[in-house]
Amino acid sequence: MSEPIKLTRKDFASDQAVRWCPGCGDYAILAQMQKTLPELGIKKENIVFISGIGCSSRFPYYMNTYGIHSIHGRAPTLASGLKLANPELSVWVITGDGDSLSIGGNHLIHILRRNIDVNIVLFNNRIYGLTKGQYSPTSLQGHKTKSSPMGSVEQPLNPISVAVGTEATFIARTIDTNVKHMGEMFKQAAAHKGTSIVEVYQNCVIFNDGAWSYATDNQTKDDHILELEDGKPLIFGTERDKGIRLNGLTPEVVSLADVSEDELLVHDEDGPASL
Ligand SMILES: Cc1ncc(C[n+]2csc(CCOP(=O)(O)OP(=O)(O)O)c2C)c(N)n1
Ligand code: SF4
């Protein structure tokens with residue numbers, strides 16, 4: 001019987017100098033991936049990171065695994081081919097909101113509906129970072145950037161809604177400031193058989209600083225973040241005094257002072273992706 005593999009975070013750090021701006025949220029995602037992978041017990045030579053183009057897509061250089069810095073928006077196609085050719089591999093796609101939802105939108109929806117066993121990490125900073133700050137498909141309406149000087153007039157995409165629309169079988173969202181939660185999502189994504197997609201709210205300090213401040217500021221975050229746990233009612237808030245229930249077919253936020261916990265929606269992680 002072969003010995004269990006004992007690796008550490010250092011084993012997954014490459015010798016390449018990391019070239020992201022100081023303070024970029026990408027560092028936290030890289031560090032958490034390097035910390036989480038040893039816990040999966042997979043040999044380094046069986047792990048592959050495939051990215052498209054963007055700041056986030058520099059990720060494979062910094063991982064001491066196999067990697068491909070590929071073609072803009074096309075990482076899902078390379079990942080699909082690789083996984084089908086060698087199912088033993090743990091295949092990860094690293095992509096940005098521009099890479100995955102603009103030029104790569106088509107490829108993203110098809111890997112999700114095909115449900116090939118690949119893990120996708122979508123760095124969402126609501127901007128094109130590498131090309132110096134143009135608006136992206138997740139930029140909010142009214143957002144002024146170099147390519148939308150009067151403010152974006154477009155309806156933004158919600159990556160989770162896109163994934164739900166494809167009937168994806170594992171969908172998660174996390175944030176670069178909560179590395180514990182992020183690591184847990186990476187572990188669950190790796191364990192899932194089928195395509196998993198983990199959206200990470202990522203702060204671009206240079207071109208879109210504070211895009212997720214409502215979910216990072218100590219004053220407001222607990223009133224905006226609800227951590228879904230299988231079998232648990234949907235409760236959140238600084239005082240854990242708010243919940244979500246269905247009103248007809250529409251979810252609504254209620255105060256637990258007025259409504260009993262029994263009326264709240266309960267998270268079922270194996271339930272259908274759509275209501
Ligand atoms: C075919 C092609 N079109 C456009 C570009 C220019 N380009 C490079 S990266 C990028 C978008 C990057 O944004 P995102 O995916 O959000 O990644 P980030 O840099 O923010 O991590 C664009 C439009 C390109 N390199 N190739
Ligand atoms: S431009 Fe933004 S996303 Fe790119 S490395 Fe700098 S802070 Fe990070």
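This is a predicted model: local features need pLDDT of at least 70, side-chain atom pairs count only at pLDDT 80 or more; totals for chains, interfaces and linings use all residues.
# Notebook: helix packing and selected loop residues

**Helix 1 against helix 7.** I began with helix 1 (residues 26–40) and helix 7 (residues 179–191), whose axes come within 9 Å and cross at roughly 50°. That makes helix 1 oblique to helix 7. For the class names: angles under 35 degrees are roughly parallel, over 145 roughly antiparallel, 65 to 115 roughly perpendicular, and the rest oblique. Axes here are lines fitted to C-alpha atoms, for helices over the stretch in contact, with angles from 0 to 180 degrees between N-to-C directions.

Residues are numbered from 1 along each chain as its sequence is written, chains are lettered from A and ligands numbered from 1 in the order in which they are written, and side-chain values use heavy atoms, with hydrogens and water left out.

Helices (H or I, at least four residues) and strands (E, at least two) are DSSP runs, numbered from the N terminus.

Next I listed who meets whom. Helix 1 brings A28, I29, Q32, M33, T36, E39 and L40; helix 7 brings V179, M182, G183, F186, K187 and A190. Contact means heavy atoms within 4.5 Å. By class, the contact of helix 1 with helix 7 has eight nonpolar, three polar and two charged residues. The classes: Ala, Val, Leu, Ile, Met, Phe, Trp, Tyr, Cys and Pro are nonpolar, Asp, Glu, Lys and Arg charged, and the others, Gly among them, polar.

I checked lengths. Helix 1 has 15 residues and reaches 21 Å from first C-alpha to last, close to the 21 Å expected at 1.5 Å a residue. The expected span is 1.5 Å times one less than the number of residues. For helix 7, 13 residues should span 18 Å, and the end C-alpha atoms are 18 Å apart, which agrees.

Then burial. I used these cut-offs: buried is under 20% relative accessible area, exposed over 50%, partly exposed in between (1.4 Å probe, protein chains only). In helix 1, D26, I29, L30, A31, Q32, M33, Q34, T36, L37 and P38 are buried. Their cover includes strand 1 (47–51), helix 2 (59–62), strand 3, strand 4, helix 7 and strand 6. In helix 7 I found H181, M182, G183, M185, F186, A189 and A190 buried. Among what covers them are helix 1, strand 3 (90–96), strand 4 (119–124), strand 5 (170–175) and strand 6 (196–201).

**Helix 3 against helix 5.** Helix 3 (residues 75–85) and helix 5 pack at about 35°, with axes 8 Å apart. P76, T77 and S80 of helix 3 and H107, L108 and I111 of helix 5 make the contact.

**Positive phi.** Just after helix 1, G41 takes a positive phi of about 70°. I also looked at residues other than glycine. N115 has phi near 60°. N115 sits in the loop between helix 5 (105–114) and strand 4, partly exposed at 28%. R240 has a positive phi of about 45°. R240 lies in the loop between strand 7 (235–236) and strand 8 and is exposed at 53%.

**Single residues.** L234 is in the loop between helix 8 and strand 7, buried at 11% relative accessible area. Not counting residues up to four places away in sequence, L234 touches L226, L228, K242, G243, I244, L264, L265, V266 and H267.

F207 is in the loop between strand 6 and helix 8 (213–216). F207 is partly exposed at 28%. Leaving aside neighbours within four places in sequence, F207 contacts I127, G129, K132, G133 and K146.

G248 is in the loop between strand 8 (242–247) and strand 9 (250–255). At 59% relative accessibility, G248 is exposed. S255 lies in strand 9 and is partly exposed at 30%. S255 and D241 are 14 residues apart in sequence and 6.0 Å apart in space, C-alpha to C-alpha.
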